[in-house]
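Please consult the sequence and structure shown below while reading.

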Amino acid sequence: MWKLRSVFGLLSFLLLCSSAILVAAQRSGSRGSRWQTLSGDAPLVIARGGFSGIFPDSSLYAYSLAVQTGLSNLHVWCDVQLTRDGAGICFPDVRLENGSDIDIVYRNRRSTYVVNGVSTQGWFSVDFTLDELTPVNLKQRIFSRAPNFDGTPMQILTVDDVVTQTKPPGLWLNIPHDAFFSQHNLSMRSFVLSASRRVIVNYISSPEVGFLRSIVSRFRTGPTKLVFQFLRPDDVELTTNQTYGSLLNNLTLIRTFAAGILVPKYYIWPVDNSQYLLNYTSLVLDAHAAGLEVFASNFANDAALPYDYSFDPVAEYLSYMDNGRFSVDGVLSDFPITPSETVDCFSHIGRNDTVQAKILVISNEGASGDYPGCTDSAYNKAVSDGVDILDCPVQMTNDGIPFCLGSINLRDRTNVAQSDFSNRATNNPDLNIENGIFAYNLTWTEIQSLRPAISNPYTNFSLFRNPRARNDGNLMQLSDFLAFANNASSVSGVLISIENAAYLAENQGLDVTDAVLDALSQAGYNNQTTKKIMIKSSDSAVLTMFKTRSNYELVYLVDEDVRDILNSTIVEIKRFASSVVVSKRSVFPTDKAFLTGETTVVPKLQAFNLPVYVQFFRNEFVSQPWDFFSDAYVEMNTHVSYMGINGVITDFPATAAKYRRNRCLGYREIPLYMTPVQPGGLISLMAPHFLPPAEAPSGILREDDVTEPPLPRWSRGPPNSGNGSTAPGPTPPNGQPTLVASTILSGIAVLLAAFVLC
C-alpha cells in the first residue's frame, strides 16, 4: 500500500465533530416499528463513492465527508476495479480517465478492450500496477458539477485505504465487471474473499448472476449480504442471457443467490415522458414477500426530479421511505446528507407536529413554485402547505382596481403577449422596462380575459416549473385576496407589497396607497386583531404615508445586495419601518455561487429591534450557493440557526413549513446534517488556481439610499396612457420567457464537516 497525501487537517476536525452526529443520528433506529422495510428498521443510506456530489467520486475527501455527515449506520459504496497486480481499488468506472487525470499522467497508454461485448477505448486498471497509479489524481467525473476541487490532490484509494482512513460504519462493495477482469486473468472472487477476511464487508452487489453464484456459498452465514443489481430493463445480463426486465419476474430465483436487489428508482416509481410520476409498482411489496430487501439507486440532488416533488429531494426520498404503503430498505445517493436528514429529521412528521424553528413563513406570490403566482391556485396551495403570511404584490388597472400580480409588466406573469393586447407594448424608461405591456394600460375586465403564466426564473438552466399547471388559476383583485386570507383560519396575516407608487400617481393618476387602505378597511381588517397586516415597500415615502394613517407592520425592502449597513442608516429606517427584508446575498455574499463569508447586516438590524426577513428561498438546486449542497433545508437552516433570521420569503411554502417542524432541531445534540455550514468553507479547500474569480463587492447601505421624497399628489391621467413609445417585439409562447439553453452547472449538496459548526 502506498503513502496517501495528507488530509489530516480535514480528518482531525471531522473526528472532533463526529460525536455530535453519532448521538443524534442513532435516534433514527428507535422508531423502527414505524418503518415498512423488510426488517422494520430505518432505511440505510449508502453513499455512492462517498460524498460524490461535490468531491471527486471515491476520493478520501468524499468518503470522509460522507462518514462524518451521514447517519451513524451509513454505508459507503465502492465500485471495485482490479489493478494488474491484483489490488482492489475504488473507482466509479472501468475506464480510469472518466474520473482521474490518468490520461495526462500516462498519455501513451490508452488501450482497446471488449467490455460487456462492446469494443471500448480508454485507460484501464488492468494495464497498471498499484504503484503506477500513485501519481494519478481523482477529478470530478460529471461535467455538470463543479470542477473547482480537481486541483486538490486526491489519490486513487484501495478498499483497505477506505476502511483504515475513514472507518465507515458500513462497507458496500459493488462488482460491476467481474467478467471483464476474468478475461484478463484477474479473479474478482479471490479478491472479495480475501478482503472479507481483512475487513467487515456488509454488502456485496453485482449485476452479474454468475459472480454472485460463485460466492454465495461463502456468505451463507456471517455479516455479509449479497445483492443483485438490476441495470436498465432492456439490458442483457451476461450469465443468463436474459434481460433485467425479465429477471425481475423471477424473484424466487434471485433469492437463491442474493438477499436483496438494487434497482434504479424508476423501477419503483415510474415517470412518464413529461416528467410526472406514474403509479408506483408492486416491486417493493413483491420483493419483501419473497424475502428480498430492496435498495433504490440513482438519487442525486442535482438531477432532474419529477415535477410532483416540486424540486425537493427530501420529498422524493419520503415517497420511497415514508408513503404509508411500503419503504425501500435503503437508498444509494451522491448526496448522503439529504437522505440522512430525511430519515432522522423529516420522516413520520405531520402538519400538527411541534414547530421547532420559530420563524415566519411568508409566501412569494403564494406557492408560485407550483402554480402561476398570485392566482387562487397558488394561494390555496400556500395555505394547504402551511404558510403563515400570504402576500399580494399590488398592481393597478387602468380603471383604478388594485389586484395581485408579481410584476407591473403583464408579460412576466400572463399570456398577454399572445392576446389581442399585444399591440399595446411600450417602452417605459422610468421603470427601465422595454417592450412591456403594463397593468395600468388595461382595465380589470381586459386583464380577466388573460391567462396567468407560471414564473420560470431558471430557464437558462433548462429548469421549468410544473408545466401542466403553467396557466392554471385565476388572478384576484386585492379585495378578493383579503377575503380569502381572512377566511383561511391557519393564515396569521397578509403582506401587501407596493412598488412604483410615485410613478403611478404622477404619470398615470393612480393612487395605489389609497386603494390599499380602502381595500383593507372595506374588508374589515381595521376592526380585527387576529390577522397581522404587513405593508412592504422599497420606497420609504410609501411606508411613511402608511405610518401616519395606520398601525400596520411596515416592512422596508432593501432592494439591492449590500455587504454592510451603517448604524445611522438603521436609525433612519426605524423612522418609517418596523421590520426589514434583505436578499440572501446580503446575508451570505457569494463569488460565482460559492459563499465567501457572512455579513453583519442581520445582527445589526436586530440589535435595533428590527425583525429581518430574507428573500427568496427556492427549491431549485441552482438557486442555492454550492456551499448549501443542492439542499434547500441546509440553506434555510444556515440562515435560521446560524444567522437567526426572523422569517423566510419563499416560492415553496411547503419546504419552509416542513423545515421548521423537523425533529432534529429539537435534539439536545444537533446532528451535523442539520447543523449550519461555515460560510467560505468550500473555497478554503480549493487550490489557488481553481478558485472562482472574485466579484465586485456589494455596496454599503447609507442614509441617502433609504431616503425618498414624499409621494406626489396624484391627478387622473388620460386613459390608456403608456408614457412610452410603442415597441413591438418577440412574443414567447404561453407567456413563458424565451428559453436560453445552457449547461446546468449544478449546485453541490455537501455538508463539509471541516467547516460545519459543531
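A disulfide is taken here as a pair of cysteine sulfur atoms within 2.5 Å. The model under discussion is predicted. By that criterion, it holds three disulfides.

**Disulfide Cys78–Cys90**

- Cys78 is joined to Cys90 by a disulfide with an S to S distance of 2.0 Å.
- This pair links distant parts of the chain, with Cys78 in strand 2 (residues 75-82) and Cys90 in strand 3 (residues 88-90), twelve residues apart.
- The disulfide of Cys78 and Cys90 is left-handed, because the torsion about its S-S bond is about -100°.
- Both Cys78 and Cys90 are buried.

**Disulfide Cys345–Cys664**

- The sulfur atoms of Cys345 and Cys664 lie 2.0 Å apart and form a disulfide.
- Distant parts of the chain are linked by this pair: Cys345 belongs to helix 12 (residues 337-346), whereas Cys664 sits in the loop between helix 22 (653-660) and strand 27 (699-701), 319 residues apart.
- About the S-S bond of Cys345 and Cys664 the torsion is about -95°, so this disulfide is left-handed.
- Cys345 has a relative accessible area of 0% and is therefore buried.
- Cys664 is likewise buried, its relative accessible area being 0%.

**Disulfide Cys392–Cys404**

- A disulfide is formed by Cys392 and Cys404, whose sulfur atoms are 2.0 Å apart.
- The pair connects distant parts of the chain, Cys392 in strand 14 (residues 389-396) with Cys404 in strand 15 (residues 402-404), and the two are twelve residues apart.
- With a torsion of about -105° about the S-S bond of Cys392 and Cys404, the disulfide is left-handed.
- Cys392 counts as buried because its relative accessibility is 0%.
- For Cys404 the relative accessible area is 0%, so Cys404 is buried.

- Cys374 is buried, with a relative accessible area of 0%.

**Strand 20: burial**

- Strand 20 (residues 553-557) is mostly covered, as five of its five residues are buried.

**Strand 20: pairing and crossover**

- Strand 19 (residues 532-537) runs parallel to strand 20, and four bridges join the two.
- Between strand 19 and strand 20 the chain passes through helix 18 (residues 540-549), and this β-α-β crossover is right-handed.
- Tyr556 in strand 20 is the bridge partner of Ser537.
- Strand 20 also pairs with strand 22 (residues 579-583) in the parallel sense, over three bridges.
- Opposite Tyr556 stands Val580 in strand 22.

Conventions
Residues are numbered from 1 along each chain as its sequence is written. This is a predicted model: local features need pLDDT of at least 70, side-chain atom pairs count only at pLDDT 80 or more; totals for chains, interfaces and linings use all residues. Side-chain values use heavy atoms; hydrogens and water are left out. Buried means under 20% relative accessible area, exposed over 50%, partly exposed in between (1.4 Å probe, protein chains only). Two strands pair if DSSP finds at least two bridges between them. A crossover is right-handed if, with the strands pointing away from the viewer, the path from the first strand over the helix to the second runs clockwise.
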